[in-house]
Amino acid sequence: MHEDARANGPKERCNWAKVDWDHARRVVKNLRQRIFRAASEGDLKKVRSLQKLMLRSYTNTLLSVKRVTQQNKGRNTPGIDRVVVKTDRAKGKMVDALCCHQSWRVRPVRRVYIPKASGKLRPLGIPVVLDRCRQAMVKNALEPEWEARFEATSYGFRPGRSCQDAVSRIYTLAQSRTRKKWVIDADIKGAFDNISHAYLLKAMGLFPARELVKQWLKAGYVELGRLHETPAGTPQGGIVSPLLANVALHGMEQALSIQRNRQGYIQGSRAVVRYADDFVVFCETREDAEKCIHILGEWLAQRGLQLSEEKTRIVHLQDGFDFLGFTIRHYRDRRTATGWKLLITPSKESVEKIKEKLRAIWRQGLHWPVDVLLIHLNAVVRGWAYYFRTQVASATFNELDSWMFHRQVRFVRRLHSGKNWEWLRKRYWSLEHPTRRDRWVFGSPKTGWYLQKFRWVRIQRHTMVKGTASPDDPALQDYWEKRRARSHSSLVAPLLGVPLSEGKILVDEEAS
């Protein structure tokens with residue numbers, strides 16, 4: 001950040017404490033909607049003009065800095081410069097620096113590793129804070145244009161869409177009466193690490209910040225003090241990276257010759273559901289599924305990608321497959337007309353993961369006060385239960401509650417090895433839930449805080465997002481307001497619960 005750069009910046013310095021955030025959000029929202037409308041109408045000249053306006057927008061700069069320094073989970077994670085922005089004064093200086101009219105030089109990302117579900121490590125690239133803020137600004141300019149283009153069956157890392165929408169879409173495609181019973185359970189080999197820069201930049205066209213995006217792609221990463229080049233791929237960890245991946249993978253339906261009628265319904269023998277780089281393809285025959293794998297192989301090669309031969313497979317719905325933590329499978333049922341019934345349940349792998357996570361917390365909890373243990377356990381239990389409550393999960397919830405009870409018993413016996421069972425029961429299970437008729441509620445009678453049970457989370461079906469609907473579409477504002485209100489009421493109200501003692505109850509920050 002150059003001190004003399006203020007000469008080319010705003011006349012007044014940013015006073016972070018006095019920013020009108022409601023006004024800033026309205027301005028950026030309006031600009032995004034104008035970009036979306038122009039892209040929908042095919043007015044590319046107007047799109048580029050509005051994108052330039054967004055990139056120069058002071059309110060876009062404000063919201064981007066707020067997102068990076070206050071809202072994102074990685075706000076306290078530094079890049080290679082080891083700088084984090086926490087104070088209002090520092091945030092104001094960041095806004096002033098971003099408003100300076102100068103040619104920016106992108107810094108390399110810092111390479112870190114996080115564990116994957118398979119036990120391997122996933123590489124992340126952490127940009128410096130200044131580059132993260134620029135990426136947030138660029139995303140607000142680029143995303144609305146592509147929201148007007150993206151396919152209806154693309155759900156990953158898009159505003160207003162979620163894993164539940166993707167699974168709900170699969171539910172409509174995999175019904176027992178469907179003719180598309182063969183499924184390609186696909187896996188792209190190192191998608192984020194191998195995306196072709198040339199293809200991605202070509203797909204972006206004459207986007208005003210195209211050269212800046214190119215710098216991010218080519219910036220390289222620093223690991224153990226050494227700079228490494230990045231000839232391909234987009235670093236996981238950057239704000240704009242998921243959007244760029246969606247841009248690169250756009251057009252899968254067209255490649256598979258999937259057509260829709262005027263109402264948006266699929267016509268033909270194929271269907272696809274994609275969540276970022278995870279996708280499944282439904283076909284009517286195994287032979288057609290094999291053709292699709294060949295088509296997708298050629299289509300991905302143009303983007304510098306390839307299917308993983310080890311993980312990509314063709315399965316029948318009677319055998320089932322896993323997707324986004326769920327198992328989708330047909331089961332025999334003589335009560336139905338087809339003799340089969342579709343069930344979407346939490347996968348065995350997901351259940352084992354949550355058990356391992358809870359097991360680790362129980363072990364650490366031996367050194368914590370009971371109330372602190374409850375805070376950590378409730379956050380995990382609620383988050384997992386609310387994710388899986390949209391499908392057939394009651395049996396799994398009951399199984400996990402039984403498993404948790406054995407963990408509770410094991411925990412208190414280790415904590416109080418010299419006490420008998422009656423003393424332990426009165427100390428930790430004397431609470432009685434007033435509305436659920438449950439006398440075996442684990443918690444602290446002194447504070448009234450208790451442990452959430454999985455089965456207390458009511459099964460509630462998810463309402464799938466409509467077609468290609470996007471929050472950036474100004475014609476659908478009423479639809480999105482009603483959808484947000486319905487989602488908020490269904491999530492927050494059950495969490496408030498009923499206090500068991502003195503009006504106290506644990507509500508974790510993430511879930512609320």
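A polar contact is a pair of N or O atoms within 3.5 Å; within protein, one must be able to donate a hydrogen and the other to accept it, and residues adjacent in sequence count only if both atoms are side-chain atoms. The model is predicted: local features need pLDDT of at least 70, side-chain atom pairs count only at pLDDT 80 or more, and totals for chains, interfaces and linings use all residues. Residues are numbered from 1 along each chain as its sequence is written, and side-chain values use heavy atoms, leaving out hydrogens and water.

**Arginine 270**
- Arginine 270 lies in strand S8 (residues 270-275); strands are DSSP runs of E, at least two residues, and helices are runs of H or I, at least four, numbered from the N terminus.
- Arginine 270 counts as buried because its relative accessibility is 15%, where buried means under 20% relative accessible area, exposed over 50% and partly exposed in between (1.4 Å probe, protein chains only).
- A polar atom of the arginine 270 side chain lies 3.1 Å from the backbone oxygen of leucine 256.
- The side chains of arginine 270 and aspartate 288 form a polar contact of 2.7 Å.

**Sheet**
- Four strands form an open sheet of mixed pairing in the order S2-S1-S4-S5; two strands pair if DSSP finds at least two bridges between them.
- Strand S4 (residues 221-223) runs antiparallel to S5, joined by three bridges, and valine 222 stands opposite leucine 227.
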